[in-house]
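Please look through the structure shown here with its sequence at hand. The paragraphs after it lead from one region to another.

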Amino acid sequence: MLAKTNPVTGAAIKRAIEARDGRTLASFYADNAVTRIVDRNNPPSTPREIKGRGAISTFWDDICSRTMTHRVDVTLSDGEQMAFTQACTYPDGAKVFCIALLKLENGLIVDQTVVQAWDE
């Protein structure tokens, strides 16, 4: 069962990501939200698309279940737009870096684009 929705703030997204709290992260999304991921495996011409809060919740559950640390360094917000950077480190030292751009409506994420890179 999905958590109720909660308006997203920079501080709230930082707390949830750093605590690896997928349930809280899912609560920041509108039911019809779309997340696009651009990376080495999903180039700009064919990004990975995750549609709907249920699927996005599954995505965050997977990310948050991994044994790694997450750090949100920069969060910018301008009304109905937000951006943040996220740096992650696996126990073996491998690193992942991403930047996320969010479009908000009524305080909830309706559209998200993530660009990420990782150590090979």
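Predicted model: local features only at pLDDT ≥ 70, side-chain atom pairs only at ≥ 80, totals over all residues.

Helix H3 covers residues 53-65, and its 13 residues should span 18 Å at 1.5 Å a residue, a value with which the 18 Å between its end C-alpha atoms agrees. Within H3, the residues Arg53, Ile56, Ser57, Phe59, Trp60, Ile63 and Cys64 are buried. Because these residues cover an arc of only 160 degrees around the axis, they lie on the same side of H3. The face of H3 turned away from that buried side carries Thr58 and Ser65, which are exposed.

A search of the whole structure for disulfides finds zero. Cys88 is in no disulfide, and the nearest cysteine sulfur, that of Cys98, is 6.2 Å away. Seen from Cys98, the closest cysteine sulfur is that of Cys88, and the 6.2 Å between them is too far for a bond, since a disulfide requires the two sulfur atoms to be within 2.5 Å. Cys88 counts as buried because its relative accessibility is 6%, and Cys98 likewise counts as buried, with a relative accessibility of 7%.

On the surface, Phe97, Ile99, Leu101 and Val115 form a nonpolar patch, and together they have about 340 Å² of accessible area. Strand S5, residues 95-105, gives the most to this patch, with three residues, whereas Val115 is found in strand S6, residues 108-118. Val115 has a relative accessibility of 42%, and therefore counts as partly exposed.

Methods. Residues numbered from 1 in each chain as written. Heavy atoms only, no water. Patch = residues over 30% accessible without salt bridge, like charges linked within 9 Å, V, L, I, M, F, W, Y side chains within 5 Å. Areas by Shrake-Rupley, 256 points an atom, 1.4 Å probe, with all protein chains shown as cover. Salt bridge = Lys/Arg side-chain N within 4 Å of Asp/Glu carboxyl O. Helix = DSSP H or I, 4+ residues; strand = E, 2+ residues; numbered from the N terminus. Buried < 20%, exposed > 50% of the residue type's maximum accessible area, 1.4 Å probe, protein only. Expected span 1.5 Å × (residues − 1). Arc of directions from axis to C-beta.
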